[in-house]
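This briefing goes through one protein structure by topic. Please look at the sequence and the model before reading the points that follow.

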Amino acid sequence: MKATEENCDHLLHRYILLATLFVLLLVFVDHVAFAQSSMGLRVYGPGGPALAMKEAAKAFEQKTGTPVVVTAGPTSEWIEGVKTDADLIYSGSETMMTDIV
């Protein structure tokens with residue numbers, strides 16, 4: 001049981017780290033250009049860290065006024081959107097990101 005709790009804690013910390021990195025990346029983005037777009041920022045990634053990404057996107061939107069649309073789930077459900085209009089792609093692991101690139 002303890003190993004499972006440690007694994008959950010480890011995953012939670014990774015998702016928090018990913019969300020923090022997401023926000024830091026967005027802080028450095030020139031949000032004025034994206035605000036001019038009717039869609040705002042388009043963000044794609046797997047379902048695992050989606051909740052953290054959506055919370056970070058909401059915080060960014062509130063701070064900047066730039067809309068953020070997070071599309072999450074199995075790669076097969078969003079990979080075509082990435083090819084046409086992705087502003088940012090997040091990953092659940094390094095391996096998943098390497099597979100996309």
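Helix H4 has three buried residues, namely Trp78, Gly81 and Val82. Seen down the axis of H4, these buried residues fall within an arc of 110 degrees, so they line one face of the helix. The model is a predicted one. The points below start with the other face of H4 and then move on to other parts of the chain.

**Helix H4, the other face**

- Ser76, Glu80, Lys83 and Thr84 are exposed residues on the face of H4 turned away from its buried side.
- Two of these, Lys83 and Glu80, are joined through their side chains in a salt bridge, with 3.2 Å from N to O.
- Lys83 and Glu80 are three residues apart in helix H4, so about one helical turn separates them.

**The aromatic pair**

- A search of the whole structure finds one aromatic pair.
- Its members are Tyr44 and Trp78, whose ring centres are 6.3 Å apart and whose planes are at 35 degrees, so the pair is tilted.
- The pair links distant parts of the chain, since Tyr44 is in strand S1 and Trp78 is in helix H4, 34 residues apart.
- Tyr44 has a relative accessibility of 8% and therefore counts as buried.
- Trp78 is also buried, because its relative accessible area is 2%.

**Salt bridges around Arg42**

- The structure holds three salt bridges, and Arg42, Asp85 and Asp87 are linked in a network of them.
- The side chains of Arg42 and Asp85 meet at 3.9 Å, N to O.
- Arg42 lies in strand S1 and Asp85 in helix H4, so this pair ties together parts that are 43 residues apart in sequence.
- In the salt bridge between Asp87 and Arg42, the closest N and O atoms are 3.4 Å apart.
- Asp87 lies in the loop between H4 and strand S3 (88–89), so its pairing with Arg42 in strand S1 ties together parts that are 45 residues apart in sequence.
- Arg42 is buried, with a relative accessible area of 15%.
- Asp85 is partly exposed at 26% relative accessible area, and Asp87 is partly exposed at 29%.

**The largest nonpolar core**

- In soluble globular proteins, nonpolar side chains tend to be buried together.
- In this model the largest nonpolar core has 14 residues, and those with the most contacts inside it are Phe22, Val43, Met53, Val68, Val70 and Tyr90.
- At least two residues of this core come from each of helix H1 (2–27), strand S1 (41–45), helix H3 (50–64) and strand S2 (68–72).
- H3 gives the most to the core, with six residues.
- Leaving aside neighbours within four places in sequence, Phe22 is in contact with Val43, Met53, Ala56, Ala57 and Leu88.

**Helix H3**

- H3 has 15 residues and reaches 21 Å from its first C-alpha to its last, close to the 21 Å expected at 1.5 Å a residue.
- Its buried residues are Ala50, Ala52, Met53, Ala56, Ala57 and Phe60.
- Seen down the axis of H3, the buried residues fall within an arc of 155 degrees, so they line one face of the helix.
- Leu51, Glu55, Lys58 and Gln62 are exposed, on the face of H3 turned away from its buried side.
- Gly65 follows H3 and has a positive phi, near 80 degrees.

Definitions and conventions
Residues numbered from 1 in each chain as written. Predicted model: local features only at pLDDT ≥ 70, side-chain atom pairs only at ≥ 80, totals over all residues. Heavy atoms only, no water. Core = buried A, V, L, I, M, F, W, Y, C linked by side-chain atoms within 4.5 Å. Buried < 20%, exposed > 50% of the residue type's maximum accessible area, 1.4 Å probe, protein only. Helix = DSSP H or I, 4+ residues; strand = E, 2+ residues; numbered from the N terminus. Contact = heavy atoms within 4.5 Å. Phe/Tyr/Trp six-rings, centres within 6.5 Å; stacked < 30°, edge-to-face > 60°. Expected span 1.5 Å × (residues − 1). Arc of directions from axis to C-beta. Salt bridge = Lys/Arg side-chain N within 4 Å of Asp/Glu carboxyl O.
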